[in-house]
Each structure stands twice: as C-alpha cells, then as structure tokens.
2 protein chains.
Amino acid sequence: MNYYEQHHDSYLEGLKTFLRIPSISTLSEHKPDIQRAADFVRRELEKAGLEQAQLIEGAGNPLVYAEWLGAPGKPTVLFYGHYDVQPPDPLDEWKSPPFEPDIRDNNIYARGSADDKGQTYILIKAVEGLLKQHGRLPINVKFLIEGEEEVGGEHIEAYVASKPARLKADAAVICDTEMFAPELPTICVGLRGIIYGELVVEGANHDLHSGVYGGAAPNPLMAIAEILTALKDREGHIKIPGFYDRVVPPSAKERAAWARLPFDEREYRENEVGVKELVGEPEIPLFERLWARPTLEVHGIRGGFIGEGAKTVIPARGVAKLSMRLVADQNPDEAVAQLQKAVAAACPKGVTAVYKTIHNAPPSLVNPDNRFIHAAAEAMKQVFGKETVYIRSGGSIPIVAAFDKYLGIPSVMMGFGLPDDNLHAPNEKLHLPNFFRGIEAVARYIEILGA
Amino acid sequence: MNYYEQHHDSYLEGLKTFLRIPSISTLSEHKPDIQRAADFVRRELEKAGLEQAQLIEGAGNPLVYAEWLGAPGKPTVLFYGHYDVQPPDPLDEWKSPPFEPDIRDNNIYARGSADDKGQTYILIKAVEGLLKQHGRLPINVKFLIEGEEEVGGEHIEAYVASKPARLKADAAVICDTEMFAPELPTICVGLRGIIYGELVVEGANHDLHSGVYGGAAPNPLMAIAEILTALKDREGHIKIPGFYDRVVPPSAKERAAWARLPFDEREYRENEVGVKELVGEPEIPLFERLWARPTLEVHGIRGGFIGEGAKTVIPARGVAKLSMRLVADQNPDEAVAQLQKAVAAACPKGVTAVYKTIHNAPPSLVNPDNRFIHAAAEAMKQVFGKETVYIRSGGSIPIVAAFDKYLGIPSVMMGFGLPDDNLHAPNEKLHLPNFFRGIEAVARYIEILGA
C-alpha cells in the first residue's frame, strides 16, 4: 500500500465533512453555509502544509487562497476548484438526503460530490500527500478556490483581473470535469459558454379571472410559450437572426477523434439520459450537438397557479428562466443583444417582454499542444493504465476564459467525474475509485512537471 | 329607514365573520375551515327562521340545506350560493390581508366578498328580513349552499341528480354573478362551460444538467410551449380540429342588445383589465369574445427551477394547468376528447404528453322569457331605479346546467357583484351599496313572486 492508499479512510471522512455543508450559492439563506465551506477549505489547505492560507473577502462569497512557492526555477501551477453547489431540489427524488453523504456501490452520493467538492478535495489531498511525504513539492503551486461557480463566478473574475501578479503562474489546473467513460483518462479541451437570465413578460396590471376576461386579456404564460417557440424550432434550430454566424465547426481531425471514442448510443440514451429518443438538430452528430453547438433551454416558468387542484387565473406576469450555451467564437454580450432583439420581435400583442441577464460566461477552446496538458495526459495514463483521450464539455466553467484573458495561461482540465454522476440533479454522486485514483493522478502530475 | 336599512350594521358584522373563515376548497389543508364555513351558513339559515337547516355530508365538502314551505299553492324557489373561495395567492399583492375584511371607499375587501360569500349572505338576509317582519314568506323557498364551486362542484351535481323530489322547485335563484355597471340592474342569461385539467409532459427519467445534455435531451417545458402554441395561434384562434363546430353564435337581437350596453372600451381596457391592448380573435366583437366564444388559457406551469438566481436544469417533467371555456352547444366530454387528440398530435419528439381532467362543466344558455326572470327584472328595477339589462357571463357556474338537467327548472341569475370586484384575484371586494340593496332586491323579488 502506497501513502495514498493508506489514507483512504481519512480522505473519505474529510470529504463527508465537506459534503455535509449545504453551501448553495444560488439561495441567499445559505450564506452562513457558504462561509462554513470557505472556512473548511482554508483549514484543509493549511493542514496540507500550504502557506498563506486565507479567505479573500470581497463583494461576493469568499475566495480561498493558499500557496507553496519553494521550488524556484520550476513551473508554477494554479489549482482551481469551487466549494459552492447547486440547489438540491427536487428533494423528493433523492434516495438519500442531499447533504448526508451516503455510500452505495462504491459511489458517494451527495450534492457537490462530483461538482465540485469531491474534485476540489482531490487537489488538496494530492498536494498534502506530497508535502507530508517529502516536506516539499517539485513545483510551485497556488490554490484559488471559489464559492460562486454555480452563480456565474463574477467575483473571481474581477479578482483575477485585478491581481495578475499575485496569481502569476504557468498554467492552471481545473478539476471540475469528467472522464468520458469509467477508467478512461480524459482531458477536456473545450467548454461551452453560457448566457443565463430571465424573460419577464407582463400583461394586465393584476391577475384576472379567466372566465370573466378570457378572450380579451393577454396571458403572459401563453406569451412566454409564443416567444420560446419563435426563438427555437421543433428540431432544435435557434431562430435568432445572426446567432450562428460566429460558430466555428470542429476540425476534421477533432471530429474523427470523437467518432473513435468508445460509445454506445443506446446505453447513453436509455441509461444515462433516460429517454426514448434523443433530440436536437437532426443534421448534426451527437457529440457536436453537445460540445460544439449552441443551445437554448428554459429552466422554469414562474407565474400563475401551480398548486393542487384548480385556479382559473390569468396571471398578470410570467417569468421564464432561460439560458443559451455558446461555443467558440460566439461572445456573450453579442448573444444577449441578439436574444433581446429576437424577444422584442417575437413579443405578442398585449404584453411586454424583456430579457434580463443573471450571468454570462464566454466559451473556451484550449490548444492541447503544451507541456502542461501533455504531462496531465501522461500522469493520468500512468495511474489509470489507459491512453488519455481529448474531448470537450457541453458545460461552462467561466474561469477558464478568465485565466486565458487576464493571466495569459492555458487551463488543464483534468477531471474525475463520470457521465452518470447526476450533476445539478437529484442523486449526484462521485465514483470512489475515481476519487482515490484522482488524488494519485494529480500527485503524479506534479511529479512529472517537476522532474 | 325601512327594516333592512335599520340592520346594515348587523349585516356587515355577520358578513365579516363569514369572510374571516379561509374556506379555500382547492387546498386540502383548509378542510377544517370548510367545515367552519358550512356550520356558519347552517346557523345563519336557522337564525333566519328557516326550517330543517342541516349539513348534508357526502363524498366532498358538506352541502347546507334549509327550507320554508309554508305557502301552499305558491311557487317554490331554490336559492343557491357557495361558501367556498379561491386561494388568495399571490398574497403580497393584497393591500389588506385576504381573510381580514377591510372597508375602504364603501367597499369591503376580502377573498370571497363578491364570490360568493357576500352574495350568499344577501339571499339569507333577504329571507330573514321577511320572516322577522311578517312571520312568514309569500312563497316557498329551499336553500342549497355548496362548498365546492371553486373546484368543480361535482358532489352537488351528484346530490341534485339523486334528490329531485327533495329539491323540487319551480325555479332556481343563483346569486353569483355581477351587474354590468354600477347601479345597473342586470340578469345573466348565459354562462360558459369549462374543462380544466393538467397537461403532463415527461422527458428524461431524471433532471439533467443543461450544459452536459443540452442539444440532445428533450425539454418538457419547451415541449409545453410547443404544444400550447400548436393548440392556439397568436390571434387567439383555437387550432383544435372540429372544436368550433358546435358553437352557436348569438342571435342578431342579442348582438344588438349587447351593442346598446353602456360601455367605455377605453375605461374597460385601462382601468378594469389594466392592459395597453385587448387581445383575442380580431374578427369577433368584444362581448362575443367574452361571452359567446370558447377560450384556451394556461394558468400555471410547474417544473424545473423558479427560485432566486440560476439553476441550469433540464427538468424531467413539466405540468401545465390548462382550461378551455366552452359555449353552447359544445359539450365537455367531446371537448376533452378533441383536446387530448390535439395534444397527442402536437407532442414533440422525445417526450410524452397527456391531458388529465380535473373538472368539467357544461355551458348554459337560459331562455329569459319566463315569470321568474321577469319578476327578478322588475324587483331589481324597483330597488335600483333603472331598467334591467340582460347579459351573459364568460365564467362558469356548473350548477345551472345541473338544475336544468336534473330538476328541469330555469335558473335566475341575479347578481350584485361589479366588473372590477377582482374575482379570483388579489383585493377582491364587494361594493357595500350593492350588498345592502341586493338584500332588498331579493326580498322584493320574493314579494313580487308571491303577490
């Protein structure tokens, strides 16, 4: 048993403690939990033997910083993770409570287990292991762990923009993505961006009786339906003028690599997604739809009556939560402007409709040809025993674009989640073998870089 | 001061007591309040001097019955009202709490003030006044007050169907409608029917991350938007095949009478409805759209995330509360079948969509040429000092069709609400002069019928 194998029990106990904190950044009533999670991360970094472990307080949730800079002349890596999590609802679909970690079939179930507390913890424990064994690291490291990733991460972006000297590094390592398949080491080289906001539709100045006024009064919920269907057709094509103009298709080489990935579409459809039929632009292959095409999704519609039984109301107001995923070279500001124009054009008679931004993040596409990504591929190959594959992700990690823009450094996205980890959904989990091997792979990565 | 004028204070106190009971039939946690409201009505009927005052318990909320049959050879009138109310939400839009009656500007504000506790109380106090003054009534009366009008009134319908002998009468009087304009005595001769239910759309078998799966996973909320827009176009035309086939247009005489009603469309649009523009089938005049054309409305959409901030979820399931108002000679069963077929035809790829009925009621159209309606018109004219007008209502009062079908009697809809009473909406009110004069008008009606 190597050093890491000897510490599995304590890693698991520490992770459970972290997962028990309901640090939901979307809900303001969880502010104290955000603080507890930040404090937990700071203490863990300190215990690991890192220096300068501290909370960076500012406009939003605290950032957690720590460093070890005892290897002059060696590269510096900036490790990134986040301690905040998505809301757990719908609660009644969880098999065990979301903030009481439960181990079943070699998986740990809890909100944040994969996204991203488990993976953040991997980074900390990898560095801790090297420091405890050797009293030093073969490279320099900085940690910057945030608490607002699930709400757009604006404050970390402002901080990164304002402190390029303090955060100076040669590369960033982001541990917040997944492996393409179990035990298949994977590096992610592309992320979609996102614009997320609310479509606010207002009709009459008060709720109305649908018997007395139905036939004359505008219905904001129906107007939302009309606007949504004007923005996207039944086949998944977005009907916003100019919206696809900047979309860069994947290269022939990348498409060919994707086609070689080990993949069973039926298994994916039936067991991972759980649908009878996959949808989306029929002329575009699946991975390209997921990784290299923009989307428009509605996440919830507020307004009117959704309780038990019947209420015959025409609501005065309806609000739809909307997002659009963006791909290179789209940019959020332009996409918002195009969406707002299209909403105005699609707005039916009798109501007003306005799209209001909640948060945005640009897409990013990393050139994999650098020593930091090569070392990551090699480290993962050594620990997992298989050739590392390169994929993209359909999700959005806003910090990648910020590291590129403000620090001028590439991001290495080595992640240890799995496709069926139920991110943002009930019964989120992390596969424990990935958790333990992830710690070893990150440690191996540091060793390779420092060799 | 006549007898009724002398009792204004006690009428108001009694009404306030009635309005303080939150007898919301849609919400099962209010069952105890339903019982309290039924008991209140029973005691009031007994105090009024009626006989056999009793609760009729059955499958649903109790019916309240009472009678006075001491005028052999004279007509028998069956008085109907309801003691249940709509939910008060959205609560934050009420200027005073919905179950703490508040008098402002000669109006009493509370949920149920107009619909229908205030009007039910009018019936009771009218009869009480005659009995207290004369020890008898000039006609026979029966009261049947229900507690499920706002949830479809199925139990009263079953009871009426099963007890035609007990409820035998020459006409029903329903006090649950409104005057066309302040101090303009009005009789309602037509009601729309309704089908109300839930459109249940299911996609994946669990909630999904919109980044990871957006572009391949079906979105049930988007599917609801697609189905709704397939069912009704932007101009308000319902696109369900065969749906308009049975619609009987109003007669030329009725249309001409409607055109003579005192009406300021701008005032209606700006102050009553509170919109910049009225909508609905552009080729159909306003009153016909409201009273003689069917509708399709969505009342609320459940599913996904509607909290504060952002959650990037593609929900597994969405549910839309839908209703369609029906007009003569449409029938609910046929309309449901047509709607279900249209929903199936409009259902997009990747999801299932099913419409499930919550409750139905047929439309009704009353021939105004009978002594019971003539007497009502005369009584209201005497009390209010103006010629009575005949209108229809866009709302639905399911019991009217049941009285016709099972008892073979016409319904007289004399109501004392006003168009701006905010039925089913925040700040529901009843105009107090209408409340007091309504009691006198119903008493006068009984005297005219008994003369």
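In what order do the 4 strands of the open sheet of chain B lie? In this predicted model, the order is 11-13-9-14, and the pairing is antiparallel. Strand 11 (297-302) and strand 14 (352-361) of chain B form the edges, each pairing on one side only. From one strand to the next, the twist averages 20°.

Within this sheet of chain B, strand 9 (residues 193-202) and strand 13 (residues 317-326) are joined in the antiparallel sense over 10 bridges. Tyr196(B) has Ser323(B) in strand 13 of chain B as its bridge partner. Helix 11 (residues 332-346) of chain B lies across strand 9, strand 13 and strand 14 of chain B. Relative to strand 14 of chain B, helix 11 of chain B runs at about 165°.

In chain A, two helices pack against each other. The axes of helix 12 (residues 371-384) and helix 14 (residues 432-450) of chain A come within 8 Å and cross at roughly 135°. Because of that angle, helix 12 of chain A is oblique to helix 14 of chain A. The crossing of helix 12 and helix 14 of chain A is right-handed. The residues that meet are listed by helix below.

| Helix of chain A | Residues in the contact |
|---|---|
| Helix 12 | Ala375(A), Ala376(A), Glu378(A), Ala379(A), Met380(A), Gln382(A), Val383(A), Phe384(A) |
| Helix 14 | Arg437(A), Glu440(A), Ala441(A), Arg444(A), Tyr445(A), Ile448(A), Leu449(A) |

The residues of this contact between helix 12 and helix 14 of chain A comprise 10 nonpolar, 1 polar and 4 charged.

Terms used:
Residues numbered from 1 in each chain as written. Chains lettered and ligands numbered in written order. Predicted model: local features only at pLDDT ≥ 70, side-chain atom pairs only at ≥ 80, totals over all residues. Axes fitted to C-alpha atoms, helices over the stretch in contact; angles between N-to-C directions. Parallel < 35°, antiparallel > 145°, perpendicular 65-115°, else oblique. Left-handed = near helix turned anticlockwise from the far one by under 90°. Contact = placed C-beta atoms within 7 Å. Nonpolar A, V, L, I, M, F, W, Y, C, P; charged D, E, K, R; others polar. Pairing = 2+ DSSP bridges.
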